[in-house]
Each structure stands twice: as C-alpha cells, then as structure tokens.
Amino acid sequence: MGSCFSVQLSFDNVINRGWDSIVRHANYVCKLKQTLPTLFDALEELRAQKHDVQQEVDLAEQRQLKQLEQVKLWLSKAETMITEAENLVADGPREVNKLCLGACASKTCLPSYKFGKKVARVLQDVKDHTSRGVFDKAAENQLAASVVVRPEEQPIALENDKIASGLHLETT
C-alpha cells in the first residue's frame with residue numbers, strides 16, 4: 001500500500017545547544033569579577049614582555065642594527081592592546097558595582113553583557129599576542145646603501161713648469 005516513514009527529531013540536542021549558548025553568554029556577566037583580575041594579570045605580563053622586547057630593540061639599534069618589521073608590528077599592536085586593556089580594567093569597578101543577584105545579573109543587562117564580552121575578547125587577544133611575542137632576534141644588520149662608482153677624471157699633466165705658471169718666455 002503506502003510507504004511510511006518516520007521523522008525523529010531530537011529536541012535534547014536543540015535544548016542543549018540553546019542552553020550552552022545561554023550559559024556562555026551569561027558567563028560574560030557572571031564571571032566578570034574573575035575575568036577582570038585575570039585581564040589585569042595578562043596586561044601586566046604583556047607590559048613586561050613589551051618592555052623586554054623594546055629593550056632588546058634599543059640595544060640592537062645602538063649597535064647599528066635595524067629593527068625587524070615583525071617586531072615593529074608586534075610592539076605597535078602590543079601598545080594598542082595595552083591601552084584598550086587599561087581602559088577596561090579602569091572601568092571594571094564601575095561595571096562590577098552594577099552587578100546584582102550574586103553577580104549573575106546586572107542593573108543594566110545589555111551594557112554589562114557587552115562589557116563582559118569585550119573583557120573576555122580582550123583577555124584572549126592579550127594572551128594570544130603575548131604568546132606571539134617571542135622572537136629569535138629583534139633586529140638585523142642594515143643593508144649597506146648602494147654606492148654609485150663614478151669614473152675618476154685623470155688630471156692632464158703639463159709639459160713644463162713655465163706653461164703651468166702661465167709664463168711663456170722666449171729665448172733669443
């Protein structure tokens with residue numbers, strides 16, 4: 001007669017994924033009190049590493065070596081990240097004061113969520129950048145400037161001193 005088919009949907013999988021997503025997003029707010037000190041520690045580590053790399057570059061430049069471009073880029077990004085992380089750490093106490101219900105809710109939910117998410121993102125960026133800040137060398141020998149060799153003009157020798165001095169004496 002007719003064929004029957006059965007469709008089985010597992011709502012457990014859908015519910016689990018949804019719940020995991022909710023928990024992950026809620027953790028941006030709930031774990032803010034733990035994430036901020038972790039960000040501060042990572043920031044201090046990045047500052048120290050940036051200082052060490054900059055010192056190595058400065059010493060190399062004193063020896064007439066040229067800073068590597070990858071080191072220059074790393075230092076620039078490190079400076080930007082340090083500024084961003086410092087601002088988040090400075091704003092942290094104000095945001096923590098907004099938390100309520102055991103620090104898992106906020107008086108201003110969306111701004112606290114965005115702040116917590118940004119703290120988590122910057123923390124991960126700082127950790128990643130710190131791990132990329134190990135260099136075999138910070139500088140290398142500079143390429144010598146190209147030199148153009150010009151042909152040298154040979155001076156024309158004069159036959160005798162009288163001609164050279166411009167005196168021409170005739171003898172009779």
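Rings of Phe, Tyr and Trp pair if their centres lie within 6.5 Å. This is a predicted model, and two aromatic pairs occur in the structure.

Q: What makes tryptophan 74 and phenylalanine 135 an aromatic pair?
A: Their ring centres are 6.0 Å apart. The cut-off is 6.5 Å, so they pair.

Q: Why is this pair called edge-to-face?
A: The planes stand at 80°. Over 60 degrees counts as edge-to-face, so the label applies.

Q: What makes this pair a link between distant parts of the chain?
A: Tryptophan 74 sits in helix H3 (residues 69-97). Phenylalanine 135 sits in the loop between helix H4 (109-131) and strand E4 (139-141). The two residues are 61 residues apart.

Q: Why does tryptophan 74 count as buried?
A: Its relative accessibility is 4%. Buried means under 20%, so tryptophan 74 qualifies.

Q: How do you know that the span of H4 is close to the expected one?
A: H4 has 23 residues and reaches 33 Å from its first C-alpha to its last. At 1.5 Å a residue, 33 Å is expected.

Q: Why is H2 called roughly parallel to H4?
A: The axes of H2 (residues 32-62) and H4 cross at roughly 30° and come within 9 Å. Angles under 35 degrees count as roughly parallel, so H2 is roughly parallel to H4. The crossing is left-handed.

Q: Which H4 residues meet H2?
A: Among them are Phe115, Gly116, Val119 and Leu123. These four H4 residues are also buried. On the H2 side, the contacts include Leu32, Leu36, Leu39 and Leu43.

Definitions and conventions. Residues numbered from 1 in each chain as written. Predicted model: local features only at pLDDT ≥ 70, side-chain atom pairs only at ≥ 80, totals over all residues. Heavy atoms only, no water. Phe/Tyr/Trp six-rings, centres within 6.5 Å; stacked < 30°, edge-to-face > 60°. Buried < 20%, exposed > 50% of the residue type's maximum accessible area, 1.4 Å probe, protein only. Expected span 1.5 Å × (residues − 1). Axes fitted to C-alpha atoms, helices over the stretch in contact; angles between N-to-C directions. Parallel < 35°, antiparallel > 145°, perpendicular 65-115°, else oblique. Left-handed = near helix turned anticlockwise from the far one by under 90°. Contact = heavy atoms within 4.5 Å.
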